[in-house]
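Subject: Structure handover and notes on what was found

Dear colleague,

I am passing on the structure we spoke about, together with my notes on it. Please look through the coordinates first and then read the notes alongside them.

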Amino acid sequence: MSKKARNSKSSTAKVVIGKPNKGINLLGSSLSLSGVRTKNRQHRVKPGALPGIEHIADASTAPAPDSICINYIDYCANQLETGSVTDLDAFLAKPLRDWLTVRWINISPPHPYVINQFRQHFEFHTLAAEDVMHIPQRPRVELFDDHLFVVLRIMQLIQAEPSNINNIATSNELDSEQVSLFLYDNVLITFQEEKGDVWQPIRDRLQKDNVRIRKNGTDYLLYALLDAIVDHCFPVLEQYGDVLEALEQVTLNNPSVEVLHSIHSVKQQLALLRRIVWPMREVVDQLYREEDGRITDTTKPYLRDVYEHTIQIVEIIESYREMASGLTDLYMSAVSNRMNEIMKVLTIMASVFIPLTFIVGVYGMNFEYMPELTWRWAYPAIWCFFILLTIAMLFYFWRKGWIGKN
Amino acid sequence: MSKKARNSKSSTAKVVIGKPNKGINLLGSSLSLSGVRTKNRQHRVKPGALPGIEHIADASTAPAPDSICINYIDYCANQLETGSVTDLDAFLAKPLRDWLTVRWINISPPHPYVINQFRQHFEFHTLAAEDVMHIPQRPRVELFDDHLFVVLRIMQLIQAEPSNINNIATSNELDSEQVSLFLYDNVLITFQEEKGDVWQPIRDRLQKDNVRIRKNGTDYLLYALLDAIVDHCFPVLEQYGDVLEALEQVTLNNPSVEVLHSIHSVKQQLALLRRIVWPMREVVDQLYREEDGRITDTTKPYLRDVYEHTIQIVEIIESYREMASGLTDLYMSAVSNRMNEIMKVLTIMASVFIPLTFIVGVYGMNFEYMPELTWRWAYPAIWCFFILLTIAMLFYFWRKGWIGKN
Amino acid sequence: MSKKARNSKSSTAKVVIGKPNKGINLLGSSLSLSGVRTKNRQHRVKPGALPGIEHIADASTAPAPDSICINYIDYCANQLETGSVTDLDAFLAKPLRDWLTVRWINISPPHPYVINQFRQHFEFHTLAAEDVMHIPQRPRVELFDDHLFVVLRIMQLIQAEPSNINNIATSNELDSEQVSLFLYDNVLITFQEEKGDVWQPIRDRLQKDNVRIRKNGTDYLLYALLDAIVDHCFPVLEQYGDVLEALEQVTLNNPSVEVLHSIHSVKQQLALLRRIVWPMREVVDQLYREEDGRITDTTKPYLRDVYEHTIQIVEIIESYREMASGLTDLYMSAVSNRMNEIMKVLTIMASVFIPLTFIVGVYGMNFEYMPELTWRWAYPAIWCFFILLTIAMLFYFWRKGWIGKN
Amino acid sequence: MSKKARNSKSSTAKVVIGKPNKGINLLGSSLSLSGVRTKNRQHRVKPGALPGIEHIADASTAPAPDSICINYIDYCANQLETGSVTDLDAFLAKPLRDWLTVRWINISPPHPYVINQFRQHFEFHTLAAEDVMHIPQRPRVELFDDHLFVVLRIMQLIQAEPSNINNIATSNELDSEQVSLFLYDNVLITFQEEKGDVWQPIRDRLQKDNVRIRKNGTDYLLYALLDAIVDHCFPVLEQYGDVLEALEQVTLNNPSVEVLHSIHSVKQQLALLRRIVWPMREVVDQLYREEDGRITDTTKPYLRDVYEHTIQIVEIIESYREMASGLTDLYMSAVSNRMNEIMKVLTIMASVFIPLTFIVGVYGMNFEYMPELTWRWAYPAIWCFFILLTIAMLFYFWRKGWIGKN
Amino acid sequence: MSKKARNSKSSTAKVVIGKPNKGINLLGSSLSLSGVRTKNRQHRVKPGALPGIEHIADASTAPAPDSICINYIDYCANQLETGSVTDLDAFLAKPLRDWLTVRWINISPPHPYVINQFRQHFEFHTLAAEDVMHIPQRPRVELFDDHLFVVLRIMQLIQAEPSNINNIATSNELDSEQVSLFLYDNVLITFQEEKGDVWQPIRDRLQKDNVRIRKNGTDYLLYALLDAIVDHCFPVLEQYGDVLEALEQVTLNNPSVEVLHSIHSVKQQLALLRRIVWPMREVVDQLYREEDGRITDTTKPYLRDVYEHTIQIVEIIESYREMASGLTDLYMSAVSNRMNEIMKVLTIMASVFIPLTFIVGVYGMNFEYMPELTWRWAYPAIWCFFILLTIAMLFYFWRKGWIGKN
């Protein structure tokens with residue numbers, strides 16, 4: 001319930017439309033799948049609607065100037081200028097400086113009006129412009145005559161402090177943010193859903209003169225941004241490693257049904273992660289194999305390096321998924337072990353006392369002629385017999401391994 | 001039972017021959033598979049029958065004029081004329097207006113006589129004509145010299161109000177309707193099983209002058225229709241999301257065997273959905289790669305967009321199927337948890353009372369020489385012993401986690 | 001046992017060598033796998049034997065004339081002659097009539113002597129001749145210089161009346177018959193294991209003058225025969241649909257181990273069916289792609305239609321296999337549900353009566369000083385206590401959902 | 001234990017190095033996997049050792065003349081000479097007779113010295129010579145300039161008489177023998193591990209003049225040997241069919257844990273069989289597609305026939321594996337059925353007697369004022385009540401299907 | 001805990017950064033997954049960092065001379081010189097001797113400074129240099145203009161003495177060491193993580209004059225090193241064979257939950273092993289198919305031999321994984337067998353004694369008129385009845401197979 005409230009709120013304040021998997025809680029109170037549904041719900045306004053971006057309501061009205069943040073960095077090997085855009089039309093109209101080799105414009109969040117302005121100035125395809133807007137898209141590359149269009153996703157695992165041992169995975173949310181890049185000869189335009197800090201190290205590296213990134217063109221900048229996004233998956237995977245380790249402990253100690261639920265949530269999140277990383281691998285591969293010269297030969301070995309990383313990520317995800325499957329088996333085994341233990345207690349109790357109860361019943365019978373009843377030492381004798389029988393039974397169960405051994 | 005009645009009725013009033021999966025009820029009273037069987041039963045009149053449409057009984061007799069609805073829309077960028085056909089022969093004989101760039105004829109439902117008339121006028125292949133008639137066909141494209149033949153399916157999930165928590169998926173029926181399209185240079189002919197409202201948004205868009213759809217040819221119209229059909233899958237998927245979420249709740253709270261049945265029904269429906277969407281992906285891809293110029297370069301980027309959507313749909317279906325598999329595990333776990341709980345109650349009851357019963361039996365024995373029997377405080381003392389023993393046992397079970405903890 | 005008797009008998013009367021899967025009984029008294037074994041046992045006389053047909057004992061001695069049935073149909077568009085061959089040598093020696101466009105010779109069953117005669121006259125490869133004889137072969141096409149060799153299998157599900165609810169699938173036998181075809185320019189030779197009635201509709205269609213089949217050549221006849229064989233799978237699949245539906249009912253009502261056995265038998269039969277239909281798909285595809293002109297362009301669209309049918313069959317088989325897998329899960333769940341129910345009864349009985357028995361034991365003790373024993377209303381009071389305690393326990397179990405609810 | 005003894009013994013008497021899967025016992029006393037390990041243990045002397053055969057200790061010292069058996073058969077269409085080689089050097093030095101078209105030399109077992117001698121004379125690659133020696137190799141073909149090198153494996157299932165019903169598969173051992181063939185224009189050299197009788201039928205066929213095998217060259221002889229090896233798999237598969245059938249009976253009647261162990265052993269053996277047959281399929285296919293003319297066009301259709309057989313074998317193995325999987329499910333079901341039965345007995349016993357015991361306890365109480373105790377017919381009346389209650393309970397369980405029905 | 005301590009320690013003493021799977025303990029006290037996580041944790045300093053090796057802190061400061069071991073072997077067919085490098089700059093500056101055909105330089109462990117020096121002298125790509133440093137990398141080949149770059153991994157299973165039967169796999173650690181090779185015309189540079197002894201046999205072989213390895217170039221040396229690495233997997237596999245065998249014994253005798261955990265650990269380790277061997281297969285294949293002449297035709301058949309070995313290793317791993325899966329089933333079955341046994345004991349005890357207890361209760365009733373109570377032989381008679389009933393019950397259970405039979 002609070003989920004829907006959050007969703008509707010966010011659609012005004014921050015553009016989080018379709019932030020697709022926000023809702024897969026790993027475990028705990030709200031075992032809902034709703035997060036997966038929102039992914040589709042907001043994909044398109046409705047089936048049969050007009051394609052393209054021009055017809056969207058907001059596309060023709062400029063947004064409040066402080067709700068959108070447009071930054072640019074102009075640089076060449078030995079000069080750098082950064083700025084923030086307030087008057088978009090003036091900014092687009094002004095020609096590029098002579099000295100710059102690369103202008104990187106970053107827009108966050110992507111507003112229809114802004115996208116449309118850029119579309120008109122840089123002549124994107126209307127569908128590319130629409131895809132910047134409509135979230136989520138699968139990561140992909142599209143080659144156009146004078147530019148490349150790349151869609152990527154940044155993964156993030158939002159992890160709250162677990163409140164108790166059972167809720168180990170409760171507050172995990174696998175979040176993903178969409179990033180769209182347009183690569184021109186001198187200009188790289190990036191649209192980010194949120195002004196995250198994934199690219200902050202790149203911005204820092206750009207500050208130094210004469211480093212490799214300053215000496216190369218837009219394609220190397222594209223590589224650097226790609227590399228930052230891909231490498232950002234490693235800490236996410238580490239967090240999953242932690243979650244799996246914790247789940248393993250809980251499975252062995254306290255196999256409740258919530259734990260299984262949690263294991264399945266992790267499995268699904270890993271499947272989702274894989275579905276996002278796999279096309280990113282293809283994106284990198286397509287860029288590597290691009291043959292129109294938009295990616296220079298200098299940059300290509302670096303792309304190959306990123307490619308190796310995507311493969312590593314996919315392999316780690318696969319091994320985590322196998323671990324999660326192993327945990328399911330372990331869980332099932334732990335549950336049936338517990339059952340075994342319960343049955344053992346019952347059987348031992350019943351097997352020891354049922355014969356004894358029979359015997360005390362025998363001497364509770366009211367037959368007139370029962371010689372034992374009048375014997376002097378009958379009562380102590382029968383207690384001895386009880387004790388011996390109990391010891392014999394317990395020894396039998398001990399030998400069967402039901403007592404004392406694990 | 002009522003199902004068969006419905007089927008036989010429908011074969012007269014509305015042509016619903018082979019509406020293939022109507023009968024897969026998700027859950028509830030009639031756990032029948034019959035819907036799957038009807039799919040095959042009505043496929044062909046009988047093995048070894050003549051191929052082609054000419055020989056079908058109804059092919060030569062015109063149907064009642066009001067049982068079939070033939071509409072046409074003629075348009076160019078700035079002119080539009082819509083109409084409904086009553087005299088088919090006259091309509092076909094009349095030449096196309098000079099000004100029109102596209103004529104879209106929509107026939108619903110496909111009657112053998114009408115198909116045959118069109119076949120003769122537009123020179124379809126007799127097998128294509130037969131495929132319009134015989135339902136269900138797999139989605140596919142066939143390229144002929146002067147026209148394209150496309151078969152598609154529109155998915156629909158008919159969802160009734162669930163009567164109680166157990167029947168959450170009872171009234172779901174995955175319905176699919178077949179659509180056949182013939183693409184000529186200026187004419188697009190579509191046969192719909194039922195005059196559904198999937199294409200209503202397209203008809204509305206056509207009303208406006210100078211929009212993109214009016215400025216382009218039949219290939220763009222084909223794209224628009226395709227896009228509407230593909231996007232229509234998203235709401236269907238959303239409904240499955242709701243069903244899965246509800247099933248998850250029921251699985252955790254009340255894991256009856258009907259729930260498992262229901263989960264399997266959902267799995268099967270998703271498998272069916274996948275089997276229908278997957279070839280639609282191929283259809284879009286084939287149209288995209290078509291090289292005879294029947295699909296213009298302007299339209300192709302739009303087809304690529306549709307292609308991305310089909311991939312997204314397939315991915316969502318896959319993730320839903322994994323969720324359903326997860327639910328099966330969850331169900332099994334919930335069932336064995338319940339068993340565990342039952343065993344715990346039995347074991348605690350038995351373990352607490354069996355020793356006590358033994359002891360009361362001891363003092364029910366009739367031995368002459370049992371000193372305790374005559375002690376003054378023996379009876380209160382033994383009650384104290386009973387209570388202490390019970391507390392000890394319960395403490396033991398509490399420490400084992402069988403009482404009080406979850 | 002009776003199985004082996006049948007097999008040995010059949011090897012004399014009717015040539016049923018290797019009728020491969022005759023023995024997979026779905027369920028019931030004889031849960032044997034022997035049928036699968038006979039498949040291999042009779043494949044070859046022995047490893048290392050001579051290849052080819054000339055060396056087989058019967059290849060040089062003519063069979064009894066009435067044990068083999070050789071029919072021919074000569075036809076062109078407006079003339080038709082049918083006949084039965086008694087003198088094989090004379091028949092082969094006589095040249096073809098001038099007017100005929102197609103001669104279709106059908107031999108059943110394939111006898112080594114007859115095969116050898118045809119081999120010598122039509123110059124088959126000796127291995128092709130051997131494959132006509134040795135059963136079962138995988139469906140396949142072989143292209144020779146002047147003829148095509150096609151091997152196919154006709155599926156049949158022999159279904160006896162089920163005697164009781166448990167034996168629902170007992171009397172099902174998946175039978176398959178091998179058909180070999182040699183396609184020449186004017187002659188089509190077919191060898192059938194049994195003179196079945198799968199092709200009767202084709203023979204009937206041939207009787208009419210000027211129908212499409214009469215106006216085309218041997219390739220169209222080949223298509224018609226293929227189409228009849230492929231379409232013959234649909235009723236077989238329908239029967240499996242019925243069996244699955246019945247099994248589902250039995251699984252839910254009475255999950256005995258025989259039901260599981262039966263489900264697995266159906267699964268295996270479907271797997272077998274798939275293994276036979278899949279190469280038939282390839283056969284049709286290969287014929288469709290054949291480029292030597294032996295299959296005319298007129299016939300090819302018809303072959304494509306058959307191809308679509310084979311794909312549909314494979315898809316239906318796949319969905320049936322998934323259903324059978326679902327039934328296995330359902331079965332397991334029904335069994336553990338039953339266990340749950342048994343445990344519930346035990347637990348309720350024990351939990352209610354064990355405390356009561358303890359209390360009656362207490363007042364059966366023989367202590368001298370038990371004040372309650374002498375109270376006037378102690379006995380009625382204790383009965384009230386018993387009843388209240390029982391009600392309390394039952395209420396507790398009812399609240400837990402073990403009584404009264406499903 | 002006896003296993004290791006056998007292994008060490010065999011390493012002296014017969015060269016059974018690496019006979020890889022000898023040790024997979026299907027079932028019974030020694031449930032060891034050791035057989036699988038020996039496979040690897042003897043693969044290479046040690047990592048980092050010299051490649052090639054020259055350096056092996058025995059390569060330069062001739063073996064005892066009677067420990068190795070070298071036979072040759074020289075033949076053309078109408079002449080044949082067989083012999084056994086005693087003086088290897090002289091034999092190799094002597095030129096081939098003029099009249100012969102094919103010389104077939106068979107060596108068994110492969111001794112390093114002999115291999116080395118042949119290597120020098122026929123100029124094999126040193127690695128090929130090493131592969132003859134080092135067992136096991138994967139079946140494969142290698143093409144050299146003037147010869148072909150083929151490695152194959154002959155499967156054999158050594159089946160002892162089962163001692164009791166549980167040990168049905170105890171004494172099965174899947175044995176495989178390596179065969180290496182070198183194909184030259186006039187000479188075919190074969191190395192067999194053991195002088196088995198798989199090729200005896202070929203030797204017999206060679207005795208007759210003017211049969212096909214005598215009229216063709218080394219390639220046809222290669223085909224005949226291949227065919228014998230491949231067809232030798234069919235009896236092995238039949239034996240597995242018998243084992244599976246027997247296991248099915250045991251599973252239904254007496255599902256002990258050894259049965260499951262046995263099923264898994266069969267599964268593993270079938271997997272192993274598949275791993276050996278699959279590359280043999282590739283070998284045949286490669287020979288069929290060989291284009292240097294070393295395989296003549298006459299022989300190729302025969303190879304295609306062998307190819308079909310390998311596919312049939314793989315398909316049968318697959319279906320056997322599915323059967324084995326089905327048996328696992330059946331086993332699990334039989335076990336839980338047994339559990340159900342045990343629980344039913346317990347529940348019926350407890351449910352019938354616990355209430356009765358309560359009642360007798362009631363009348364064992366020592367209250368002073370219990371009017372029933374003094375009634376005249378109380379005792380017979382309570383017996384009637386006991387009997388009626390028991391009948392009611394039994395009727396209840398009978399209606400639930402726990403008694404009397406299956 | 002001790003794990004982390006070890007990790008942090010090792011980062012100073014020996015460069016074991018990212019030794020990836022050190023922590024997968026098979027079984028026992030510390031069931032942690034942490035080892036898997038360390039794999040990723042140390043992969044990169046942080047996302048967005050500078051690519052290349054120049055910027056690493058240690059790259060410009062020479063390490064302590066005794067912490068790194070650089071050896072070289074110069075050889076031609078008849079001359080050999082080995083040495084250890086102390087002054088790296090002088091060593092690199094000195095030109096190669098005239099007589100040498102191959103110089104093999106081995107560096108261990110790879111220190112940034114040393115790598116950087118070699119990078120500048122031999123002109124590696126900066127990313128290749130980085131990959132030598134950053135561990136783990138996937139095995140792969142990269143082709144550059146004048147050199148090849150190969151990354152491989154050496155597997156090692158560190159096996160401690162198992163302390164008890166349960167801990168059979170406790171002390172196993174699958175360790176992997178990274179090796180990087182640069183192949184030039186006359187020089188082969190190898191970087192090893194640890195100066196292991198995998199290549200010792202190669203060094204020994206190099207000592208002999210005129211052996212094949214001395215007569216060939218760097219490519220043959222590369223092959224020899226590759227071969228040693230690949231063959232080193234066989235003993236690792238053997239150890240897994242031992243572990244599996246031991247686990248099988250434990251599973252049958254004492255199926256505790258730790259055993260299942262252990263089985264899953266083995267499965268994961270085998271999966272990991274496969275993930276490492278599979279790309280090594282590709283490496284060998286790529287080298288085999290290399291067409292620039294850097295691998296000579298003499299060496300290629302040897303590479304093919306290595307390729308066959310990698311395939312064998314993958315097949316053995318696959319069969320081990322299937323065995324591990326079989327063990328999981330076996331485990332589950334052993335657990336439920338144990339449950340069955342427990343239930344049997346309970347049921348037999350309860351079923352025998354509950355009726356007896358009922359009867360003794362009957363004669364403990366206090367009715368005044370119970371004729372049996374006064375009979376003379378009633379007490380001995382009832383004992384006879386007890387004994388007979390017990391025998392009857394035990395006979396019944398024996399016939400059901402619950403007693404005495406297995």
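Predicted model: local features only at pLDDT ≥ 70, side-chain atom pairs only at ≥ 80, totals over all residues.

**The chain**

Chain A has twelve helices and seven strands, and of its 406 residues, 62% are buried. Among the contacts in chain A that join residues at least 6 apart in sequence, 71% link residues at least 24 apart.

After α4(B) comes B:E123, which has a positive phi, near 55°.

**How the copies are related**

Chain E can be superposed on chain D by a rotation of 72° with 0.1 Å of shift along the axis, and the RMSD is then 0.1 Å. That is the relation of a five-fold axis. In chain E, the C-alpha nearest this axis belongs to E:G364, at 4.7 Å from it.

Which surfaces do the copies use to meet? Only 14% of the interface residues of chain E are also interface residues in chain D, so the copies meet through different surfaces.

**Chain E against chain A**

This contact takes 69 residues from chain E and 71 residues from chain A, and the two chains bury about 6200 Å² between them, with 62% of that area on carbon and sulfur atoms. There are four salt bridges between chain E and chain A, and one of the salt bridges between these chains joins the side chains of E:E341 and A:K400 at 3.1 Å, N to O. Twelve residue pairs are in polar contact across this interface, both residues being at pLDDT 80 or more. On the side of chain E that touches chain A, the elements that give two or more residues are α2 (34–41), α5 (126–133), β4 (140–143), α10 (257–289), α11 (300–362) and α12 (378–399) of chain E, and the largest share, 18 residues, comes from α11(E). By class, that side has 35 nonpolar, 17 polar and 17 charged residues.

**Chain E against chain D**

Here 70 residues of chain E are in contact with 69 residues of chain D, and chain E and chain D bury about 6200 Å² between them, 62% of it on carbon and sulfur atoms. E:F358, E:F367 and E:Y369 supply 11% of the area that chain E buries against chain D, more than any other three residues. Four salt bridges are found across the interface of chain E and chain D, and the side chains of E:K400 and D:E341 meet in a salt bridge at 3.1 Å, N to O. The interface also has twelve residue pairs in polar contact, both at pLDDT 80 or more. The elements of chain E that each supply at least two residues to the side that touches chain D are α6 (200–207), α8 (218–231), α9 (233–253), α11 and α12, with the largest share, 35 residues, coming from α11(E). The residues of that side divide into 34 nonpolar, 18 polar and 18 charged.

**Salt bridges**

Over all chains the count comes to 66 salt bridges.

Within chain A, A:R289 forms a salt bridge with A:D285, and the closest N and O atoms are 3.2 Å apart. The two residues are four apart in helix α10 of chain A, and are therefore separated by about one helical turn. A:R289 counts as exposed, at 55% relative accessibility, whereas A:D285 counts as buried, at 18%.

In chain B, the side chains of B:D131 and B:R140 meet in a salt bridge at 2.5 Å, N to O, and both residues are buried. B:R140 also forms a salt bridge with C:E308, the closest N and O atoms being 3.7 Å apart. This pair crosses between chains, from C:E308 in helix α11 of chain C to B:R140 in strand β4 of chain B. C:E308 counts as buried at 5% relative accessibility, and B:R140 at 6%. Elsewhere, A:D131, A:R140, A:E142, B:R304 and B:E308 are linked in a network of salt bridges.

With best regards

Definitions and conventions
Residues numbered from 1 in each chain as written. Chains lettered and ligands numbered in written order. Heavy atoms only, no water. Contact = heavy atoms within 4.5 Å. Buried area = accessible area lost by both parts, 1.4 Å probe. Polar contact = N/O pair within 3.5 Å; in protein donor to acceptor, adjacent residues only side chain to side chain. Nonpolar A, V, L, I, M, F, W, Y, C, P; charged D, E, K, R; others polar. Least-squares fit on C-alpha atoms with pLDDT ≥ 70 in both. Buried < 20%, exposed > 50% of the residue type's maximum accessible area, 1.4 Å probe, protein only.
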